[in-house]
Amino acid sequence: MNIFAQNTSKLDLQEFCDMDQLHRLIDNWSKSTGMSAVIIDTEGNRTSGSFGMTDFCTLIHDNVKGLEGCRSSWSADKKGIFVCPMGFCDFSIPIELPDGQVLGRVLAGQAISDDRDEEEIVRKAVSYGIDEAEVRAVLPRVCRKTEREIQGSYELLKETLQFFIEKNYHIREADNELKKAPAKNDRVLAQITQIMYSYNLTVDIATGDYTLITGTGMERTVNEYKHHSNKAELTKFQNSIIHPSYADRFNELTNFDSARNNAAENGFKGTLEYPVIYPDDDEFEWHEINVFVDTEEDGRRIANILGRDVTAAHIAQEKRENELRAAADKNRILSELTQMLYSYNLTLNLRTGKYSMIIGTGMTQFMEIFRSTDDYETAYNKKLSYLDPENVPQFAALASLDSLRARTNSNGFIGNLEYAAKTEKGIEWHEINIFLGTDENGDRIANILGRDITEAHEQQEKKERELRASNARDQLLSGVTKMLYSYNMTVNVDTGKYTLITGTGMEDTVARMKATDSYDDIYKRFINAVDDAYLKKGTELMALDNYRGKQFGAGHLGTEEFLLHYTKKPEWHEINVFAGYDEDGNTIINILGRDVTEAHDKADTKAQLEIANASSAAKSAFLFNMSHDIRTPMNAIIGFTELLDKHLDDKELAREYIKKIKTSNEFLLSLINNVLEMARIESGKTTLDESCWNCYAFNDTLYSLFDAQMKEKGIEFTRSVEVEHTEVICDATKLREIFLNILSNALKYTPSGGRVTMRLTEVPSHKAGYAMYKTEIEDTGIGISEEFLPKMFDEFTRERSSTESRVNGTGLGMAIVKRLVDFLGGTIKVESQVGKGTKFTVTIPHRIADKRDNVQSIESDLVYDAEKFKGKRILLAEDNELNAEIAMTILEESGFKTEHAADGIICVDMLEKAAPGYYDLILMDIQMPNMDGYKATKTIRHSADRTKVDIPIIAMTANAFEEDKQNAYKAGMNGHIAKPINVSKLMAALARIL
């Protein structure tokens with residue numbers, strides 16, 4: 001069919017222009033815009049391959065109805081932008097000369113505008129009888145553009161094509177003029193030069209003089225030519241910029257000595273491309289010269305040297321060569337990939353029907369077919385015998401020789417097929433991929449790649465079964481949501497869009513969700529309403545940023561209950577989050593929510609009741625134990641006091657009674673101290689008092705405190721220290737309390753003949769400047785039952801009462817140890833077996849001391865000389881008469897003179913009235929009426945009488961905690977003695993100060 005019936009052209013398109021240049025122009029436009037193009041002549045036949053044609057259009061053109069539909073749009077009256085039958089935006093641009101002659105047409109486009117309904121395109125292709133799955137597989141690779149981009153691409157091609165046509169038209173007209181009128185040669189030559197070349201030198205071979213016609217480009221070279229008039233000078237200039245390896249060829253081509261008088265050398269002498277580099281440049285340019293020799297009418301011999309810059313063309317050529325090398329590499333890689341990924345690759349010559357083969361792995365039964373012949377028809381027919389009959393029509397349509405030969409306009413990938421084959425192993429699934437092209441001899445070839453995909457096919461079937469099961473689960477989830485939850489929100493992690501399944505309850509919350517399709521809006525409202533105590537958990541569980549770009553499998557991500565303040569009445573919501581993927585492979589999270597306020601309130605009430613009951617039971621047990629344990633020493637004190645009163649004359653018996661009374665006193669004091677210590681820890685009043693200590697000295701002190709007692713009981717007591725850093729910053733008081741409790745238990749519960757071991761080691765810490773110090777105390781005592789181990793750090797608990805174990809105790813010692821270890825940032829571990837012993841492992845971090853820290857040692861009682869106390873006068877401030885009498889008696893028996901002040905005011909007044917130096921020291925109670933000990937001390941330290949300001953003052957008080965000591969020092973006191981009075985410690989403190 002002649003689609004250019006009105007054409008009157010006497011020219012053929014291929015005669016009119018350089019088709020290679022036109023093809024490059026169209027190809028460059030196609031690559032820059034991503035759109036397809038083809039050149040057709042006046043008969044509607046292609047004069048070129050398709051530039052940038054997509055797999056989609058190849059699929060359509062391979063279909064008879066599809067090709068007819070496309071050809072119907074190639075009519076002569078179509079110009080500009082139009083929509084093809086498939087719904088693509090296409091261009092029709094005539095190749096029209098200025099004189100009105102039409103030589104052909106460029107059809108271009110294959111782009112989908114952004115407002116086009118792709119489903120309409122699919123339906124149209126299916127109406128042609130094309131498989132829908134194949135259409136959907138290749139449609140995403142079609143170019144997509146906005147209306148503005150399509151218009152711009154059209155204008156670019158139209159203007160570029162018009163410029164090309166006009167340039168070639170003028171060249172042809174000039175050439176015609178040159179043929180018609182030889183007298184006009186110079187003018188025509190000038191026109192050709194201006195159009196196609198940068199310069200034309202007309203050289204007089206005899207004299208070397210030249211004239212210059214200039215075109216465009218190569219300004220630096222042309223300017224040099226303008227400054228000279230002799231060829232010898234120009235040759236010198238050229239040799240200064242030309243690459244040395246091209247200089248000889250350049251000089252040979254531009255040397256006209258042999259042609260000086262030889263008319264036989266008239267005509268084209270040669271052409272040369274050569275690289276040049278200018279002194280002020282870093283990159284090469286490529287120049288081309290064409291040399292012609294002729295004889296003028298006056299007999300002069302001349303040479304025309306036409307030059308132009310061909311750098312862009314040279315770069316393009318290099319690019320093409322690189323592409324050819326890359327193609328060769330691709331062929332080699334294809335062979336390697338075939339051996340790795342495919343069972344065979346047949347290269348079939350469609351003209352001869354013969355093939356060569358690259359062999360990979362697998363499909364051994366089919367390999368024998370291919371090895372037995374090189375005739376494709378023979379192998380093809382044998383292969384059909386293995387196929388499932390249902391697959392034969394599809395296989396033939398794609399892979400038969402006739403079908404492949406019919407695809408004369410197809411290049412590249414033309415399709416693939418999965419099919420079932422019956423082999424000796426049973427049913428297998430195979431896949432073939434077919435590519436069409438042209439070999440180096442111009443023959444059409446097909447590459448057919450095949451492989452066994454049975455395993456992949458089974459996996460796909462498995463996925464489909466799982467998908468069906470998943471869909472069933474989704475339906476079930478919807479039903480469960482409506483029964484158990486108020487909503488189920490399915491959120492796309494990347495886009496933040498969501499869908500909602502609603503259940504019952506939480507109507508206000510669900511209504512707020514339905515008001516927006518953005519999860520971010522819902523999340524912001526949630527964060528604004530959530531109670532501060534749950535803000536961190538809410539952010540971790542609900543923020544989409546925590547899930548974006550992260551790898552996690554499908555499944556449950558977490559459950560939390562949140563206290564929310566949407567209204568004046570707080571609400572408790574439970575939220576469950578599950579991760580998964582939708583049918584498109586997008587990461588999603590399912591958020592299921594329900595109101596649990598009522599259940600939470602009931603649980604709180606029940607929990608509070610349980611806590612109260614547990615606390616009441618524990619306190620009852622504690623009071624029972626305390627009642628028993630306090631009455632035990634009190635009974636001893638009262639009983640032995642009465643016996644002492646009856647047997648005062650028997651000194652030995654009296655001493656024994658007094659010893660037992662002292663032992664009961666010490667135990668009673670221990671009970672009281674433990675109860676007070678636990679109460680202090682629970683109230684949060686415990687403070688950290690750190691200073692620098694030597695590990696060996698600290699360990700020595702603990703060892704010395706228990707060594708004598710262990711020996712007395714017949715227990716072997718050993719210790720070891722292995723540390724790198726000996727000086728550390730620690731709270732020695734609390735550490736001593738921890739290890740005294742543990743060692744005391746080891747002493748109590750290890751029978752005679754047993755063994756107690758204490759080991760201190762240093763363990764590296766991840767925190768710079770710190771080390772972990774691990775203390776292990778192990779005994780061979782009676783051990784702890786497995787049932788009691790989890791409870792041993794609970795308050796008010798003991799495995800056995802003192803009646804059962806014959807060992808006194810409140811059940812608070814280990815609770816105090818655990819609280820102190822936790823307070824110091826450490827850990828404690830207990831291992832025990834009944835009848836074999838117990839091992840405590842305490843690990844606590846300490847800062848490593850440096851040169852600026854002063855190393856201290858644990859205080860020990862001083863040895864004092866009582867003779868130094870004689871004559872020393874002490875003022876005792878004490879409001880309790882009985883306590884005052886006891887203290888004064890103890891002091892006077894040690895040689896002191898004492899005076900008593902009943903409160904702080906009296907104490908200050910007696911000091912002010914006394915002569916300077918009358919009192920040597922004040923023992924100050926803290927809790928006194930009218931003026932307490934702290935205020936009395938501050939009053940004395942600010943006294944106007946400077947002779948009495950610095951008198952030593954020691955606190956002697958029942959305020960016995962560490963901060964009480966610190967408060968005493970802050971008030972200006974010089975020491976602290978805790979009540980009840982330990983006489984040896986009191987005398988040691990007095991000796992140290994006096």
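What you see is a predicted model, in which local features need pLDDT of at least 70, side-chain atom pairs count only at pLDDT 80 or more, and totals for chains, interfaces and linings use all residues. Residues are numbered from 1 along each chain as its sequence is written, and side-chain values use heavy atoms, with hydrogens and water left out.

Let us begin with the whole protein. Of its 994 residues, 43% are buried, meaning under 20% relative accessible area, with exposed being over 50% and partly exposed in between (1.4 Å probe, protein chains only). Among contacts (heavy atoms within 4.5 Å) with a separation of 6 or more, 57% are between residues 24 or more positions apart.

Now find the open sheet of 5 strands, whose order is 12-11-15-14-13 and whose pairing is antiparallel. Strand 12 (355–359) and strand 13 (412–423) stand at the edges with a single partner strand each, so one side of each is left without a neighbour in the sheet. From one strand to the next, the twist averages 20 degrees. Two strands count as paired if DSSP finds at least two bridges between them. Strand 11 (residues 344–349) and strand 15 (residues 444–452) are joined in the antiparallel sense by 6 bridges, and Asn349 stands opposite Ile445 in strand 15.

Helices pack on this sheet too. Helix 14 (residues 376–384) touches strand 11, strand 12, strand 13, strand 14 (426–438) and strand 15, and its direction makes about 135 degrees with that of strand 11. Helix 15 (residues 392–399) touches strand 13 and strand 14, at about 145 degrees to the direction of strand 13. For these angles, axes are lines fitted to C-alpha atoms, for helices over the stretch in contact, and angles run from 0 to 180 degrees between N-to-C directions.

Next, move along to strand 31 (residues 921–924). Leu921 and Leu923 point one way, Ile922 and Met924 point the other way, and all are buried. Strand 31 runs parallel to strand 29 (residues 873–877), joined by 4 bridges, and pairs in the parallel sense with strand 32 (residues 953–957) over 3 bridges. Leu923 is a handy landmark: Leu876 is its bridge partner, and Leu923 also stands opposite Ile954 in strand 32.

Conventions. Helix = DSSP H or I, 4+ residues; strand = E, 2+ residues; numbered from the N terminus.
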